[in-house]
Structure formats: structure tokens, C-alpha cells
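Good morning, everyone, and thank you for making time for this. Please have a look at the sequence and the model first, and then I will go through the inside of the fold.

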Amino acid sequence: MQTSIPSPLPSFSQVNYDLLVATLEWISSHGEAGAILVFMPGLMEISRLAEAAAASPTLRAATRGGATLVPLHSALAAASTDTALVFDRPPAGCRWEVWWG
């Protein structure tokens, strides 16, 4: 008999993007100024979160229309110059949101 050990990380189908976006919206509306770093399991999850966050009026407003929503992944780094943005301080009244996989 083979026993499987459950993974401590959620699978792609278990990521609750609605809850994640709602949490980011709450932090953006009620938290202190600064950056938010979100670790995601992989590129597909990062991309899906980026799409969900870009659809949120609250997150678009907090990130200058999405200009400071920065997905980071080794597969994206070569195609984007935005990755250097994460080393800067967010502009006044703006929040960085970074997803890392």
C-alpha cells in the first residue's frame, strides 16, 4: 500500500484569487504606505493574480493604474524592464505590489 503525503502548498486549483485580491484591496485601503510582496507558486499563478488585480478598481487606483503592479519571475525578467522598479521606493500616495514565483 502506497501512502501519499499531502503537499503543504496549495495547488493551482486551490488558490483563492478572489480572497487574495480582496486582501490586497484591504491592505491598500487600510494599511501603511509601502510595498506588498506576494509569493505565488509559479508563473501561471503570478499571471492569473496580475489579471485579477488589474481588474480591481481599488488596486488600479493604489498602483497608478497598474503601473506599479510588478510580476517577477525568471521567465518574465528578460521580457520586462519593470523588474528594476521593485528596487525603488513607491511614489508618494502609491503602493508597489510585487508577485514572486
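A nonpolar core is a set of buried Ala, Val, Leu, Ile, Met, Phe, Trp, Tyr and Cys residues joined through side-chain atoms within 4.5 Å, where buried means under 20% relative accessible area, with a 1.4 Å probe and protein chains only. What we have here is a predicted model, in which local features need pLDDT of at least 70, side-chain atom pairs count only at pLDDT 80 or more, and totals for chains, interfaces and linings use all residues. Residues are numbered from 1 along each chain as its sequence is written, and side-chain values use heavy atoms, with hydrogens and water left out.

The protein chain has 4 helices and 3 strands, which are DSSP runs numbered from the N terminus (helices H or I, at least four residues; strands E, at least two). The largest nonpolar core has 12 residues, including Val-15, Ile-36, Met-40 and Leu-69, and the elements that give two or more residues to this core are helix H1 (17–30), strand S1 (35–39) and helix H2 (43–54).

How do H1 and H2 pack? Their angle is about 55° and their axes are 10 Å apart, the axes being lines fitted to C-alpha atoms over the stretch in contact, with angles from 0 to 180 degrees between N-to-C directions.

How values were computed
Buried < 20%, exposed > 50% of the residue type's maximum accessible area, 1.4 Å probe, protein only.
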